[in-house]
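These are my notebook entries on one protein model. I set down what I looked up, in the order in which I looked.

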Amino acid sequence: MPVHCSSPASISDLTQEQRLIVAHNEGPALVFAVAGSGKTTSVAHRIERLTRERVFAAPRILATTFSRRGVEDFRGKLRQWPSCRTVKVKTLHSLGYSIMQKAMSLGYLNAQVLNDGEDDASSLDRKLAFSAVRIAREQRVAYAQELDQLDTDDFLNYIGVCKANLRYADLAAERLPDEALQVATQARPPDGVRSLDWYLDLYQLYEKVRRSMNAVTYDDMMVSGWELLV
């Protein structure tokens, strides 16, 4: 069987919509696309054009994505072009973490208990959840019996979804600037599950515990990075 060496995809292989993305120079561009439609390919070609035409120097470009696998996929595409090899590619969580580290080094943020790995962060999440449950029991909350059946993973998933969408446990207490309040919202109990209305109260206890420990979980990295930028 013959072996074919891979080569960079040609711009001629892209659709008209993808070419519009590649041709975009400055300012924000919002693109809606389904999974597998070629978003990463389009952005990689755009970065290649920006560096080749010297619109921006490669070290000044930052590409972000959600997962580590996505980062590796992005880097793999960019390695096809020598002009793109110094482009930075990070997960959004890693970007938030970097912003927090920079803020601490400049004195804008007090030292935090940070986690830079998903495994450590998951462990910290669970410790915070267990502490919140203990406090809830001590306070003899109305939903104390429900805590016996708590699905910790489901509860942490609820918190993760809230934080990913900037839904705060107690928005009023955050004292965010007006521009941030155009995006951030007050969290609500899980949709359509009336029996889990108490999740919000436990989320608020969870946040009180987290702040008392000065801890930043994996989910908090993006939120805290966003807060610092705002």
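**Entry 1: H4 and H11**

I began with helix H4 (residues 92–105) and helix H11 (residues 218–229), which pack with their axes 7 Å apart at an angle of about 55°. H4 is therefore oblique to H11. I note that the model is a predicted one. The crossing of these two helices, H4 and H11, is left-handed.

I then listed the residues that make the contact. H4 supplies Leu92, His93, Gly96, Tyr97, Ile99, Met100 and Ala103. H11 supplies Tyr218, Met221, Met222, Ser224, Gly225, Leu228 and Leu229. Sorted by class, the contact of H4 with H11 holds ten nonpolar residues, four polar ones and no charged ones.

**Entry 2: H2 and H3**

I turned next to helix H2 (residues 39–52) and helix H3 (residues 68–78). Their axes lie 10 Å apart, and the packing angle is about 45°. H2 and H3 are therefore oblique to each other. I recorded the crossing of H2 and H3 as right-handed.

On the H2 side, the contact is made by Thr40, Thr41, Val43, Ala44 and Ile47. On the H3 side, Asp73, Phe74, Lys77 and Leu78 take part. I count by class five nonpolar, two polar and two charged residues in the contact of H2 with H3.

**Entry 3: H7 and H10**

How are H7 and H10 set against each other in angle and axis distance? They pack at about 75°, and their axes are 11 Å apart. That angle falls between 65 and 115 degrees, so H7 is roughly perpendicular to H10.

The contact of H7 with H10 divides into ten nonpolar, no polar and four charged residues.

**Entry 4: Aromatic rings**

I searched the whole structure for aromatic pairs, and the search gave seven. Phe155 belongs to helix H7 (residues 152–164) and Tyr206 to helix H10 (residues 199–212), so the pair ties together parts that are 51 residues apart in sequence.

Are Phe155 and Tyr206 buried or exposed? I found both of them buried.

I looked at backbone angles in the loops. Arg54 has a phi near 60°, which is a positive value in a residue other than glycine. Its place is the loop between H2 and strand E1 (62–65). The relative accessible area of Arg54 is 77%, over the 50% limit, so Arg54 is exposed.

Arg175 sits in the loop between helix H8 (171–174) and helix H9 (178–181). With a relative accessibility of 77%, Arg175 counts as exposed.

**Entry 5: Ser37 and Gly192**

I located Ser37 in the loop between helix H1 (16–23) and H2. Ser37 has a relative accessible area of 34%, and I therefore noted it as partly exposed. I then took the C-alpha distance from Ser37 to Gly192. The two residues are 155 apart along the chain, and their C-alpha atoms are separated by 32 Å.

**Entry 6: The whole chain**

Along the principal axes, the C-alpha atoms fill a box of roughly 70 × 45 × 35 Å.

What share of the 230 residues counts as buried? I recorded 37%. Finally, I looked up contacts in the protein chain between residues at least 6 apart in sequence. Of these, 67% join residues at least 24 apart.

Key:
Residues are numbered from 1 along each chain as its sequence is written. This is a predicted model: local features need pLDDT of at least 70, side-chain atom pairs count only at pLDDT 80 or more; totals for chains, interfaces and linings use all residues. Side-chain values use heavy atoms; hydrogens and water are left out. Rings of Phe, Tyr and Trp (its six-membered ring) pair if their centres lie within 6.5 Å; planes under 30 degrees apart count as stacked, over 60 as edge-to-face and the rest as tilted. Helices (H or I, at least four residues) and strands (E, at least two) are DSSP runs, numbered from the N terminus. Buried means under 20% relative accessible area, exposed over 50%, partly exposed in between (1.4 Å probe, protein chains only). Axes are lines fitted to C-alpha atoms, for helices over the stretch in contact, and angles run from 0 to 180 degrees between N-to-C directions. Angles under 35 degrees count as roughly parallel, over 145 as roughly antiparallel, 65 to 115 as roughly perpendicular and the rest as oblique. A crossing is left-handed if the near helix is turned anticlockwise from the far one by less than a right angle, and right-handed if clockwise. Contact means heavy atoms within 4.5 Å. Ala, Val, Leu, Ile, Met, Phe, Trp, Tyr, Cys and Pro count as nonpolar, Asp, Glu, Lys and Arg as charged, and the others, Gly among them, as polar.
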